[in-house]
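Trainee: Could you take me through this structure and tell me how the labels get decided?

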Amino acid sequence: MNRVLRHPKNHQKLFLGDNVKNKFQIMRTKDSVFRQKNLPAWIVVVFQVCAYIFVALSLRLLYRAQRFLPKNIGTLSRGSLLIANHQSLLDPFIVTANLPACVFFRLVPIYFPVHHFWISKRVFRNILPCLGCYDVGDTRKEKMLALFYTHQLLTQKKTVFLFPEGEISKEEIKEFKRGIEYFIQVAVNVVFVRMEGFHSASMRTKRKLFYSEVEVLKGRAFDAVSLREYVEGLKKGMN
């Protein structure tokens, strides 16, 4: 049986209060040098469908991971928020490839925040935005603007896929970055994914994917710590 995400005993204020929201508005200026490369949605859809057919499904057959899907996985739709721990560079393809095809096609286009290091490389600069990737920024101001952009995508009913650890963690799940609790408030619904065994290149490694129940979390207070603990304990609730 899947675990149910419960409120932490001591409710804390959400990360982005009125003061931070005001900062977002102030930083959202026309003279900002930080610009996300906004492509027409149909371009992202075409590239993601091609990647799903020719890359993601191949990875699914190659890794042959054991997956655990909730009964209500079909309730995912555009505007949903996908949250997973991060074990390899191929994680976005792996997680989306293991979704039922009908669910994947209902979610696209899916947008992924990507580390500034990758999206700043000339070889990736043009292809990554076509796959729905956007820059999380390098400076503090740029990172704040990227948070606002993520919030904007969700309020526009666009699907977002986040790795809240902010970096690859091969085994244990690292602390989630603050701010994730803000995004679940504007998402249509949320699904958490626990990845296990994808840090290893060996074909003998047992790999598992645990998808949580799809939940609507608007109006419920959570902090980054309780969300991390929930993802960490997903497999226990599905054994």
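What follows is a chat about the terms and the values behind them.

Mentor: Before we start, this is a predicted model, where local features need pLDDT of at least 70, side-chain atom pairs count only at pLDDT 80 or more, and totals for chains, interfaces and linings use all residues. Residues are numbered from 1 along each chain as its sequence is written, and side-chain values use heavy atoms, with hydrogens and water left out.

Trainee: What makes up the secondary structure of the protein chain?

Mentor: The chain has 10 helices and seven strands. Helices (H or I, at least four residues) and strands (E, at least two) are DSSP runs, numbered from the N terminus.

Trainee: In what order do the strands form the sheet?

Mentor: The seven strands make an open sheet in the order 1-7-6-2-5-3-4, with mixed pairing. Two strands pair if DSSP finds at least two bridges between them.

Trainee: Why do strand 1 and strand 4 stand at the edges?

Mentor: Strand 1 (66-68) and strand 4 (133-135) each have a single partner strand, so one side of each is left without a neighbour in the sheet.

Trainee: How many bridges join strand 3 to strand 5?

Mentor: Two bridges join strand 3 (residues 110-114) to strand 5 (residues 159-162), and these strands run parallel. Two bridges meet the rule of at least two, so they pair. Tyr 111, for example, stands opposite Val 160 in strand 5.

Trainee: What makes Thr 150 buried?

Mentor: Buried means under 20% relative accessible area, exposed over 50%, and partly exposed in between (1.4 Å probe, protein chains only). Thr 150 has 4% relative accessibility, so Thr 150 counts as buried. Thr 150 lies in helix 8 and touches Tyr 134, Val 160, Leu 162 and Phe 183, not counting residues up to four places away in sequence. A contact means heavy atoms within 4.5 Å.

Trainee: Is Ile 94 buried or exposed?

Mentor: Ile 94 has 2% relative accessibility, so Ile 94 counts as buried. Ile 94 sits in helix 3 (residues 91-97), and its contacts include Leu 59, Tyr 63 and Met 195.

Trainee: How do you know that Cys 130 is too far for a bond?

Mentor: A disulfide is a pair of cysteine sulfur atoms within 2.5 Å. The sulfur of Cys 130 is 9.7 Å from the closest cysteine sulfur, in Cys 133, so that is too far for a bond. By this rule the count comes to zero disulfides.

Trainee: What makes Tyr 52 and Phe 105 an aromatic pair that is edge-to-face?

Mentor: Rings of Phe, Tyr and Trp (its six-membered ring) pair if their centres lie within 6.5 Å; planes under 30 degrees apart count as stacked, over 60 as edge-to-face and the rest as tilted. A search of the whole structure finds 12 aromatic pairs. Tyr 52 and Phe 105 are 5.7 Å centre to centre with 65° between the planes, so they are an edge-to-face pair.

Trainee: Why is the pair of Phe 112 and Phe 161 tilted?

Mentor: Their ring centres are 5.6 Å apart and their planes are at 45°, so the pair is tilted. Phe 112 lies in strand 3 and Phe 161 in strand 5, so the pair ties together parts that are 49 residues apart in sequence. Phe 112 and Phe 161 are both buried.
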